Structures are given as C-alpha cells and as structure tokens.
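Reader: Hello! I would enjoy a close look at the aromatic contacts in this model. Could you take me through one part of them step by step?

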Amino acid sequence: MAAPKVAVVGAGVVGLSTAMCIVETYPSCSVTILSDQFSPNTTSDVAAGMLIPHTYPGTPIHVQKQWFKDTFAYLFAISNSAEASEAGIHLVSGWQVFKNTPKEELPFWSDVVLGFRPMSEAELQKFPQHRFGQAFTTLKCDCPPYLLWLEKRLKATGVQMYTRKVADLWDLHSEYNVVVNCAGIGAHQLVGDEKLFPVRGQVLEVHAPWVKNFIRDGDGLTYIYPGIHRVTLGGTREEGSWSLSPDPGTTKDIFNRCCSLESSLRGAEDVQVKVGLRPSRQCVRLQRELLSQGGVKLPVVHNYGHGSGGFSMHRGTAKEAARLVGECIAALEGSSSRAKL
C-alpha cells in the first residue's frame, strides 16, 4: 500500500509527542496533526511540567514505572544537549515534605529520579510544620517552550499541522488510514468517555529568581517549582469543575500556602494566574479500537486521560501509542496484500 496516512487529534504534550514517536518509528508514514488549539492555548501550556509522577489506580505499577523511565531518559538527554535552553528543560533539586510519615517511604519512581534520599534533620528545620521529607533531583519542562520545540522538530520532519475541530473521529475515515486520539479532556465529548473527568488546576507564575529549589507538600496540593524564568506556585485539584476563569480567592490561598513553605516568596513580583483542566480517569486510555460503518473500517489508537501526570509520562505513553499504530499499519498492509490475492 502507499505511505500510510496517520492523523493525530490533539496538539498538547501527548499529541505532539505521539506524533514524534510515530515519525521516528515509522518514517514512511505521512503524519498530520489536527487540533482546535495549539500552543500557547493548550492545557499543557498551563502545566507546571515537573517530573514527579502521580499514581494511576487502574494501571499496573510496573507499566507506570516504564512510562516514567522512558520519559525521564528522553528529557534527561535533551537537558544534557545544546537544545536544553530552547526546549525549556533543566534539572532542579528540592524537597517533598510530609506532615506525617507516608505509608510508602519509597515511591515507585524513587530510583528513576536522581539522588533520592530521606531528608536530614538539618534540612527538615526549614519546614517546622513537617516531620518527614524526601530530597531528590528531577527534571522540569517549561511547557510553552517545550511545546514549540516539539512543533519545530515535527515540522522539520514534514509533519503537517492544521487548526481543525474534529467533532467525530469517523469524519476522518476518508482522508486517513489510522487516527490517533490524543484529545485530552476533549475526549469526553469526542468519544463520549464518561470515565474521563476534569480536575481543575489553578496556578500562579511569579518572578522570584532567588528561589532555586522545588518544594512540594506531600499531599500534592501546594508546590513551588522554579522554572528557567519564572516560578510556578500551586495549586488546586477541583474534581468535576469545568471553569477556566481564575478565582481571586483561590489565588490568595495558593500564594499564602506557598509562602508558608517559603516565606521569601512574599517578595515575589508580577503574579500571573493560569487555569487548566487536567484530563483525569482511573487509568490512561491507551488502546486500539476498530471503528466500522457499512463495511468500512477505521483503526483508532487512543492515548489520553493522563490527569496531572501528563508531563511525567508523556514520552512513555507516546512510545506505546506509536507501537499500537504500527500494529494497525501491519494489519492494514496484511489485508491489502490479501485483497490483491
């Protein structure tokens, strides 16, 4: 058959990375990205981009660990390259602190990040409200530059990108051989996924160049993540809220919570507020599906539902989605060669 045509729906970090993995694995494919929003207007642009995984209850831990390892290794290589600054990727050290010792003192990802260890008594003196902590070095993506870097690399390989709102995946059956659904929270409407729900996140970005270490409260709600130019302060996890409007009371609450962990932030300037809807479900939906109407078939690969773990897992799930696309192409080539017989 001619070069297979693959459409990727969605241009957040998962969509762009999936397109990248397809191009790298199957260079003979013609890949097109379709999305109603591109950077800087995607959910991924709001994300803090810290590689600290959260756990998906419905996904085996060994699978999650592999996704994280793949992502960490990929970004670590970029952070050690001449492209690190343009891609917005850098190493950052810091602390995750707990008011009470967690049941799991060694999270599944502890041997993937660098230098993971319990905090010393001297370090804990910085956080008098907290009794236990973990110190480690991980990676941070400054999201808008990273998305633009991915877009630039994709365009250089010949990937086409079009602003287009896809209302039904079946609408693409006459133009493409395989469709990849990376629509994020949009999959709720696009494929009617009732298991997918928004978790609203409001964050602040501030100018505080003296803050060099990340600090994360173990409950995951309050965090301070220094980027290359600005520091991200968070956050909220509001399940079921679809509101994209910043809430002034929430802004004040986030700022006060972060100042209680790092009082020097009282001197932060130029506060900007961002809101995003994390596409959450019990597990990432990463699977093949065969749509069929009137004897016509359309292979679809789903890769969405990453919740707050999108940046931590994006490259690992993209590699798996690309492998599933390969299975779809092999099945198509098998059926076309049988048709010739």
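**Aromatic rings around one tyrosine**

Author: Let's start with F311: its relative accessibility is 5%, so F311 counts as buried. Please keep in mind that this is a predicted model. F311 belongs to helix 8, which covers residues 310-340.

Y146 sits in helix 5 and F311 in helix 8, so the pair links distant parts of the chain, 165 residues apart.

Y146 has another ring contact, this one with W149. Here the centres are 6.0 Å apart and the planes are at 15°, so the pair is stacked. Y146 and W149 are both in helix 5 (residues 143-156), three residues apart, which means that about one helical turn separates them. Both of these residues are buried.

Elsewhere, ring pairs join W109, F116, F136 and F214 into a cluster. Helix 8 spans residues 310-340, and R315 has an aromatic contact of another kind: its charged end lies over the ring of Y74, 3.9 Å from the ring centre.

Finally, an annotation for context: an unreviewed UniProt entry lists residues 5-324 as "domain: FAD dependent oxidoreductase". That span is 27% helix and 33% strand, and its end C-alpha atoms lie 15 Å apart.

Terms used:
Residues are numbered from 1 along each chain as its sequence is written. This is a predicted model: local features need pLDDT of at least 70, side-chain atom pairs count only at pLDDT 80 or more; totals for chains, interfaces and linings use all residues. Side-chain values use heavy atoms; hydrogens and water are left out. UniProt positions are given in the numbering used here, feature names are shortened, and annotations may be inferred rather than shown by experiment. Helices (H or I, at least four residues) and strands (E, at least two) are DSSP runs, numbered from the N terminus. Rings of Phe, Tyr and Trp (its six-membered ring) pair if their centres lie within 6.5 Å; planes under 30 degrees apart count as stacked, over 60 as edge-to-face and the rest as tilted. Buried means under 20% relative accessible area, exposed over 50%, partly exposed in between (1.4 Å probe, protein chains only). A charge sits over a ring if NZ of Lys or CZ of Arg is within 6 Å of the ring centre and within 35 degrees of the ring normal.
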